[in-house]
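I opened this entry to look up a few helices and some backbone angles. My notes follow the structure.

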Amino acid sequence: MTAETHKKPGLETLRAAISRLEGHSDRRRTVLPFGVREIDARLPGGGLALGALHEVAGGGNDALHSAAAGQFCAGIAARTRGKVLWIVTRQDVFAPSLKQVGLSARRTIFVEASSDVDVLACFEEGLRHGGLGAVVAEVARLSMTASRRLQLAAETSGSLGIAIRRWRRQTDAADFGQPTASVTRWRVSVLPSVPLPVPGVGRPRWLLELIRARAGECADFEVEACDAKGRLAPYIPVADRLALPAALADRPDQEAAWTRRARA
């Protein structure tokens, strides 16, 4: 056995350690599919990676309020197993709105932190705990160093980490363009609600932008907001919706396929 052979295990160990510090992992991650083929097809593995850090921000005025962004994150968290830790710096989370997208208050542990530093400390500790389905934290600034620590903590425990980027001033939203170690980065903007054939308020509609996806593709999607089980649905114009067979009314995946055939 040569000296080079003896050195190889040590070299591989060192490479693995560096990869973990950089927020990368060669382990096969499990994923949480959205159930919308157009979105899942853009993500490695066919869904949102578990045991990883993801970033979400609101578009336009929602960058300050994070109402739509928060509901998007709550819908994701609702489809995980176990308790959900939700960390905030402002006491303005409206629990019924989270329940509307499937995240019950009984599953949610709310923590109020006094600063971004405390938020990040709680965020990392929650991810390292390992017994939580998801950890969601509202934070304004997220440095590369902090995001690497969070990514490593998520990889170690297998928990899903979601950083809701929320700012107090619109100008601060420019920080969202800075590089981080997150696996995906999303922006959620509010669109006019789904029109109804009769007077009334239709289902909320979002422009969902996948700004960054490690080993995946960026894309934009028009979707209907999360339902009571946390599921998104592809947006279908009223004319096409009225023509849908009744059997597909509750099948978003089949509904989307039928719509594509109808438009062809």
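**Helices and positive phi**

I listed the buried residues of α4 as A68, A69, G70, Q71, F72, C73, A74, G75, I76, A77 and A78; buried means under 20% relative accessible area, exposed over 50% and partly exposed in between, with a 1.4 Å probe and protein chains only. Eleven of the twelve residues of α4 are buried, so the helix is largely enclosed by the rest of the structure. Helices (H or I, at least four residues) and strands (E, at least two) are DSSP runs, numbered from the N terminus.

The model is predicted: local features need pLDDT of at least 70, side-chain atom pairs count only at pLDDT 80 or more, and totals for chains, interfaces and linings use all residues. Residues are numbered from 1 along each chain as its sequence is written, and side-chain values use heavy atoms, with hydrogens and water left out.

I checked the length of α4 (residues 67–78): the helix reaches 16 Å from first C-alpha to last, close to the 16 Å expected. The expected span is 1.5 Å times one less than the number of residues.

S66 lies in the loop between α3 (62–65) and α4, has a positive phi near 60° although it is not glycine, and counts as buried at 7% relative accessibility.

For α7 (residues 144–157), the end C-alpha atoms are 20 Å apart, which agrees with the 20 Å that its 14 residues should span. Its buried residues include L150, L152 and E155. Just after α7, G158 takes a positive phi of about 85°.

Last, I looked up A215, in the loop between β9 (205–213) and β10 (219–224). Its phi is positive, near 65°, in a residue other than glycine. A215 is exposed, at 76% relative accessible area.
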